[in-house]
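Dear colleague,

Please find below the structure that I am handing over to you. My notes on it follow directly after.

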Amino acid sequence: MTVEFSALNLIVVTLLCAATALMAHLGVAVFHDGIRPVLPEFIEGRMKRPEMASVAFGLSVGFIASVGIAHTVATGILNPWLLFLTTDILGIVANRKWLAALLGGAWGALTVSALGLINTALTSLPVDFIGAMGALSDPVVSGFALFPLVAIFMQFGAKKGVTATAITFIVRILIVRFTTIYVESIQIFVGVLLLIIFAIAKDTQSKLPKNEEEDNVFTERIARIRKNVVFLMIGGAFIAVACNIGVFAGSEVSIYTLAEAYKTGNNALVSQAALSEFMRGLGFIPLIATTAITTGVYGVAGLTFVYPIGYLMPNPIFAAIGGALMILVEVMLLGLIGKFLGKFPSIREASDSIRSSMTTVMEFALLIGAINAVVKMGGYTGFFIGAMIYFINEMTGRRIMKMAIGPVAAIATGIILNILCVLGLFVPIA
């Protein structure tokens, strides 16, 4: 499946990007975690718009050009790095509300229309580019289930890491042997649960003194977010609808699973993607909630639970209602989330471990998937080309980030093999 140029897709993505660009312009919400802490400097008049725009551009352009484009070309599904990082920039650059919405909407319309044309061109090539790229997703689905275990090793050391690995492995063996449930979803759940248990146990034993003043420090910031909750709910509704109609995926943990689900018609894989996205959302609560509470700027997708809601709802109308209500509930609970994180700082610290572990696991899984893809495209000639692209990137200072180099190398290999085929220097594998 790929992004189709249909009226529904065009309207939804155009309105979604217009809304997110407008929110960035108003300082209500942005997607990039690195922009959020800087934005209050601009909102409160200590930084000029051109300076803020340069920060947004510098932090985002690399992700757009690598992760955003690579994952979308590999799967045919739009993603937040491609859409929302761009609307962050456009919204901040624009000096008028209407211009921000116009630029954001134009970007959304461009992505939907252009990607359909790109896919048509790729499917007509002599080397099976699109079919081979599907091999990228195979290791990702299983590999992502490892991230909670890697996070436990990072934060709590080898003893607890080995214990968690043993428990999860036993659970996996029993589920595979006696059930037909998608085992990776249960692995993620068990791993995240163990991570939370270890964090709470550590803080309970340390008996940290409670700081009574912390409860009211960020009241003003939370009030600002609640004041803008209507904008946030509209954004959440559009995101959930985009996920529901199959044009958009929330992150790298679900995009490849969804691509496989849409390709095979396997609805169980959609549930798998939703559960993976939900677990990812749990892991990112400390990061997103903490930056929101301290800056008064929310994430365009909130705590990211709008993604699984969009995947699972039966139709776009229910998805829109569910997405909007989810954002409302999140905003209303921000104060309680802040108090909870203050009581258990190890859970707050776990956000760094979770982010690092997710990045490590995805780099590993996408590299293996890319190797599978290039071999499927062109045998060991494809492997040679893909491997050298990877090593050239490593030896020249990683100009392309590790999470993106696998998909980028696979895409570049496909292009090179097709050029060689046209020149008569390569015969496609039957």
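Phe384, Met388, Phe391 and Ile392 form a nonpolar surface patch with about 410 Å² of accessible area together. Patches here consist of residues with over 30% relative accessible area and no salt bridge, nonpolar side chains (Val, Leu, Ile, Met, Phe, Trp, Tyr) being joined within 5 Å and like charges within 9 Å. Accessible areas come from the Shrake-Rupley method with a 1.4 Å probe, and for residues only the protein chains shown count as cover. Phe384 belongs to helix H17 (residues 345–395) and is exposed, at a relative accessible area of 54%; exposed means over 50%, buried under 20%, and partly exposed in between. Helices (H or I, at least four residues) and strands (E, at least two) are DSSP runs, numbered from the N terminus.

Please note that this is a predicted model, in which local features need pLDDT of at least 70 and side-chain atom pairs count only at pLDDT 80 or more, while totals for chains, interfaces and linings use all residues. Residues are numbered from 1 along each chain as its sequence is written, and side-chain values use heavy atoms, with hydrogens and water left out.

The structure holds 5 salt bridges, a salt bridge being a side-chain nitrogen of Lys or Arg within 4 Å of a carboxyl oxygen of Asp or Glu. Glu41, Glu44, Arg46 and Arg221 are linked in a network of such bridges.

Because they are 3 residues apart in helix H14, about one helical turn separates Glu277 and Arg280. Glu277 is buried at 0% relative accessibility, and Arg280 is buried at 11%.

Arg398 pairs with Glu394 in a salt bridge whose closest N and O atoms are 2.9 Å apart. Arg398 sits in the loop between H17 and helix H18 (402–422) and is partly exposed, at 41% relative accessibility. Its phi is positive, about 50 degrees, although Arg398 is not a glycine. Thr304 likewise has a positive phi, near 80 degrees. Thr304 lies in the loop between strand E2 (298–299) and helix H15 (306–312) and is buried, with a relative accessible area of 7%. Most residues other than glycine have a negative phi.

With kind regards

Definitions and conventions. Buried < 20%, exposed > 50% of the residue type's maximum accessible area, 1.4 Å probe, protein only.
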